[in-house]
Amino acid sequence: MTQPTAENVGLLLRDARAEKGWTQGQLAAELGTSQSAVARMEQGKQNLSLKMIERLEAIFGRSIVKVGKPQMTHLRVEGGRTLAGAVDVNSSKNAGVALLCASLINRGTTTLRRLARIEEVNRIVEVLTSIGVECTWLNGNDLRIRRPEALDLASMDVDAARRTRSVIMLLGPLLDEASEYKLPYAGGCDLGTRTVEPHMQALRQFGLSVEATSGFYVVQAPPEDDRDRSFVLTERGDTVTENAIMAAAHRRGTTVIRNASPNYMVQDLCFYLQGLGVEIEGVGTTTLRITGRPGIDVDIEYFPSEDPIEAMSLITAGIVTNSEVTIRRVPIEFMEIELATLEQMGQQLDVSGEYFARNGRTRLVDVTTKPSTLRAPEDKIHPMPFPGLNIDNLPFFAVIAGNAEGQTMIHDWVYENRAIYLTELNRLGAQVQLLDPHRIYVNGPTKWRAAEIGCPPALRPAACLLLAMLAARGTSELRNIYVIERGYEDLAERLNTIGAKIEYFQD
């Protein structure tokens, strides 16, 4: 950035701040920097990274730099550093997208506090905005949502919808919004064949008719009724359960859902709906009893709880670098199997006493990793529905097993392709042997080495590569990190606060 350009950016920044009515100190607090740094930015005397520019644009809701912005962002990692300090777990990505979809049930104002500012959230916000919902970022991470009386479903942003799998979760809240409408096919991570049939089976219980056509689902609304219904989900999926819950929440009558997921994002959704006045019994169990409430019009403020997958990511960073790091605000109810497995492998962990999340319901702890000598577990590591080991936390054990003495089998029975992506760890020195599309052997310990790698098209394997790079002496490059930014807010910058050395760059 040349000096004249920096000065122009500074003027735009100053004008945007003035329009918002903020002082330099308020903007500094929002950015987590000093007032003097903001003053230097506005004077054109502070170098601005692309990440900082994007953050400023998100805060002010306007363009700061209009030209010359590269399309792909990469990370450069100086590995082999010991980490130290403490870092907080952010709010849940999966809960956030469910709550955004559920906000359509409410005719009043929903304010989601401390919402994760990630690409998956951005895509859903774009979809909601395109159909007429007023979405306003009040400050860094608080989002106010007001829906119109009638949604303009014909104007839905198809491109944004197709870049996220979460769009399928609009079927439940939009159950009888219009007599007929189209919804684009869901996208998201490339994890092999992932049928949406369990969603359809659940929503057919309410009379919804969905026909798949070229690139779209054509949805026919069910006739209005007030009857009670009871059904079993053929798949105990998180998003399937959420779709069924949202459909039941605004339909008359009582719905009993059996084989429901009791996972963290489902509980957050239930807590929010209870705040809207929906009666839900059995939260945290596999049987839910929901008494619907049509015509909901409530002003509500809700705090999504912390993300156990991000917690596992940060814990892995401490383990793979053999560091003492404290990860604060860990949702322990959804991490107990993971921590027990780590302790069986010889990992020393200090766990604090419990305290409540801001939603007043979820139990949190602080977890400190200690330098440890790891050994491979005697049994394979595999996921199970909650309260088992979370499927999204499974990939991190491939990185951790790389530091352990012996051979570890990891069995990802849910997704066809994700185990294959974990073989990319071999480029950093790991010894990962692919047995079939679902199983790998990891042989350790690993002498991690630096490498340049392109992100695989799946969020958690991509994050695993970044975490392994922290342990690899030398300079690594992880290219095209959009998939990571779908699920993490400023992961690299937050790792830097505990001693990592990671920088963003473009070609």
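**Briefing: confidence, domains, aromatic pairs and backbone geometry**

The mean pLDDT of the chain is 89, and 92% of its residues reach 70 or more; pLDDT is the predictor's confidence in each residue, from 0 to 100. This is a predicted model, in which local features need pLDDT of at least 70, side-chain atom pairs count only at pLDDT 80 or more, and totals for chains, interfaces and linings use all residues. Residues are numbered from 1 along each chain as its sequence is written, and side-chain values use heavy atoms, with hydrogens and water left out.

**Confidence and domains**

- Over residues 188–194 pLDDT stays under 50, and the model has 24 contacts for this stretch beyond four places in sequence; contact means heavy atoms within 4.5 Å.
- The domain assignment gives domain 1 (6–60), domain 2 (73–90 + 306–506) and domain 3 (93–302), with bounds that come from an automatic or database domain assignment.
- The centres of domain 2 and domain 3, taken over C-alpha atoms, are separated by 30 Å, and 28 residues from domain 2 and 28 residues from domain 3 take part in the contact.
- About 2,400 Å² is buried between domain 2 and domain 3, with 49% given by carbon and sulfur atoms; buried area is the accessible area (1.4 Å probe) that two parts lose on being put together, summed over both.

**Aromatic rings**

- The structure holds 4 aromatic pairs; rings of Phe, Tyr and Trp (its six-membered ring) pair if their centres lie within 6.5 Å, and planes under 30 degrees apart count as stacked, over 60 as edge-to-face and the rest as tilted.
- Tyr-264 and Phe-334 form an edge-to-face pair, because their ring centres are 5.9 Å apart and their planes stand at 65°.
- This pair links distant parts of the chain, 70 residues apart: Tyr-264 is in helix H10 (residues 264–275), and Phe-334 is in the loop between strand E14 (324–331) and helix H12 (336–344). Helices (H or I, at least four residues) and strands (E, at least two) are DSSP runs, numbered from the N terminus.
- Tyr-264 is buried at a relative accessible area of 4%, and Phe-334 is buried at 7%; buried means under 20% relative accessible area, exposed over 50%, and partly exposed in between (1.4 Å probe, protein chains only).
- Tyr-272 and Tyr-302 are also edge-to-face, since their ring centres lie 6.1 Å apart and their planes are at 75°.
- Tyr-272 lies in helix H10 and Tyr-302 in strand E13 (residues 300–302), so this pair ties together parts 30 residues apart in sequence; both residues are buried.
- One aromatic cluster is formed by Tyr-264, Phe-334 and Phe-386.

**Charges over rings**

- The charged end of Arg-76 sits over the ring of Phe-505, 3.9 Å from its centre; the criterion is NZ of Lys or CZ of Arg within 6 Å of the ring centre and within 35 degrees of the ring normal.
- The charged end of Arg-162 sits over the ring of Phe-216, at 4.7 Å from its centre.

**Backbone geometry**

- Most residues other than glycine have a negative phi, and most peptide bonds are trans.
- The peptide bond from Phe-386 to Pro-387 is cis, with omega near 15°, and Pro-387 is in the loop between strand E18 (374–375) and helix H13 (396–402).
- A cis peptide bond with omega near 5° runs from Gly-444 to Pro-445.
- Arg-114, not a glycine, has a positive phi of about 55° and is partly exposed at 45% relative accessibility.
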